[in-house]
Amino acid sequence: MNISNMENIKVGLIGYGMGGRVFHAPLIDHVKGLELVRIRETREENINIAKNRYPQAEIVSDALSIINDPEIDLVVLAVPNSAHYSLAHASLLAGKHVVVEKPFTVTSAEADDLIKLANEKQKVLSVYQNRRWDSDFLTVQKVMESGKLGRLVEFESHFDRFRNFIKPDTWKEEGSLGTGLLYDLGSHLIDQAQVLFGLPEAVTCFMNIQRDNSHIVDNFELILHYPNLKVTIKSGMLVKEPLPKYILLGTHGSFVKYGLDIQEATLNEAKKSLTDQDWGREPDNQWGTINYMDEHGDHRETVKSINGNYPAYYENIYEAITGKSELQVTPEQGRNTIRIIELAMKSNKERRTIIYNE
């Protein structure tokens, strides 16, 4: 049967930890045309939550019962980074469309292999870069498009946290390849930079382990070099006093914004419907400030934030699978993010700036 003629795309979700519970299942369940029919999970507490929230979905303990089910059209992977490649590869071989949680893969070679296989199978393959639909990032795009800043000369983005201890019982603290802040939060910020500016000419990166007894990179500063533009991406686990989320400097003015998009917290609480008209609306005290000059003089204004819209990601996945729209988050973009991470690690190790294709 031609999938474009099907009423619903049947979805199997592999993983119902925080990623599956907060970022995937609610959105899949919300988007018209997607039907969450099976969830793979083994932890009893997570199984109980899934059964309560999605009684229509069968809970299974084996990922292959999703991958090999001919009735399932789309496989969503919310699993540890080290398993992204193997499960995505198996899913594509089984003829499924695939959404992979960020970061896409651990290496760019793995990403290249998945892209080749997806093309051979003619299946949609995408990376869950939901932060493109953060309220603050959408607002930053609006500010840049307004032209009020003039020519942009510096762009700085942060994704900071404060956790001065080692979180127990999580693969994210293990220190293996694919873990650490550069893969975890850096993949969001690198993807956003790609959306705004394309691929850099070169990268310079400084990586640190700052917390006592930490095994992962928990602080980094990554500089992406563009013609006449410096893009700085920073993240740390020891940032108690919030720093600006975005700093934009241009020839006519500046824009500064604090605060983190509220959608993650809202989804985690599971107390608000995605159908609410004010979904993704930031509180007024998180709105950014623009200070610029034009022919009429100097202006300092508060910029109302655009509402965040995570459902838009899965709406596009549905439309891409059914042939109604082009895929917005492409696997090639996901691969380029991983390549930048690889070059960033090389830059830190060799203490030098690395040309992008080096």
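Contact here means heavy atoms within 4.5 Å. Axes are lines fitted to C-alpha atoms, for helices over the stretch in contact, and angles run from 0 to 180 degrees between N-to-C directions. Helices (H or I, at least four residues) and strands (E, at least two) are DSSP runs, numbered from the N terminus.

A quick word on what you're looking at. This is a predicted model, where local features need pLDDT of at least 70, side-chain atom pairs count only at pLDDT 80 or more, and totals for chains, interfaces and linings use all residues. Residues are numbered from 1 along each chain as its sequence is written, and side-chain values use heavy atoms, with hydrogens and water left out.

Let's start with the sheet. Strands of a sheet pair through backbone hydrogen bonds, either parallel or antiparallel. Two strands count as paired if DSSP finds at least two bridges between them. Here, nine strands form an open sheet with mixed pairing, in the order β14-β13-β12-β11-β7-β10-β9-β8-β15. Its edge strands are β14 (297–303) and β15 (354–355), and each of these pairs on one side only.

Now zoom in on β7, residues 152–158. With β10 (residues 229–236), β7 pairs in the parallel sense over five bridges. Phenylalanine 155 has valine 231 in β10 as its bridge partner, and glutamate 156 stands opposite threonine 232 in β10. With β11, β7 pairs in the antiparallel sense, again over five bridges. Look for glutamate 154, which stands opposite leucine 249 in β11.

Next come the helices that lie on these strands. α8 lies across β7, β9 (219–226), β10 and β11 (246–250), and runs at about 160° to β10. α11 lies across β8 (202–208), β9 and β15, at about 65° to β8.

How do α8 and α11 pack against each other? Helix α8 (residues 186–197) and helix α11 (residues 331–350) pack at an angle of about 120°, and their axes are 10 Å apart. On the α8 side, Ser187, Ile190, Asp191 and Gln194 make the contact, meeting Gln333, Asn336, Thr337, Ile340 and Ile341 in α11. By class, that contact has three nonpolar, five polar and one charged residues (Ala, Val, Leu, Ile, Met, Phe, Trp, Tyr, Cys and Pro count as nonpolar, Asp, Glu, Lys and Arg as charged, and the others, Gly among them, as polar).

The expected span of a helix is 1.5 Å times one less than its number of residues. The 20 residues of α11 should therefore span 28 Å, and its end C-alpha atoms are 29 Å apart, which agrees.

Another helix pair is α4 (residues 84–93) with α5 (residues 108–121), whose axes come within 10 Å and cross at roughly 10°. That makes α4 roughly parallel to α5 (angles under 35 degrees count as roughly parallel, over 145 as roughly antiparallel, 65 to 115 as roughly perpendicular and the rest as oblique). This contact divides into seven nonpolar, one polar and three charged residues.

Most residues other than glycine have a negative phi, and most peptide bonds are trans. Yet the bond from lysine 102 to proline 103 is cis, with omega near -10°. Proline 103 lies in the loop between β5 (97–101) and α5. Aspartate 169, in the loop between β7 and α7 (181–184), has a positive phi near 55°. Arginine 351, which follows α11, also has a positive phi, near 55°.
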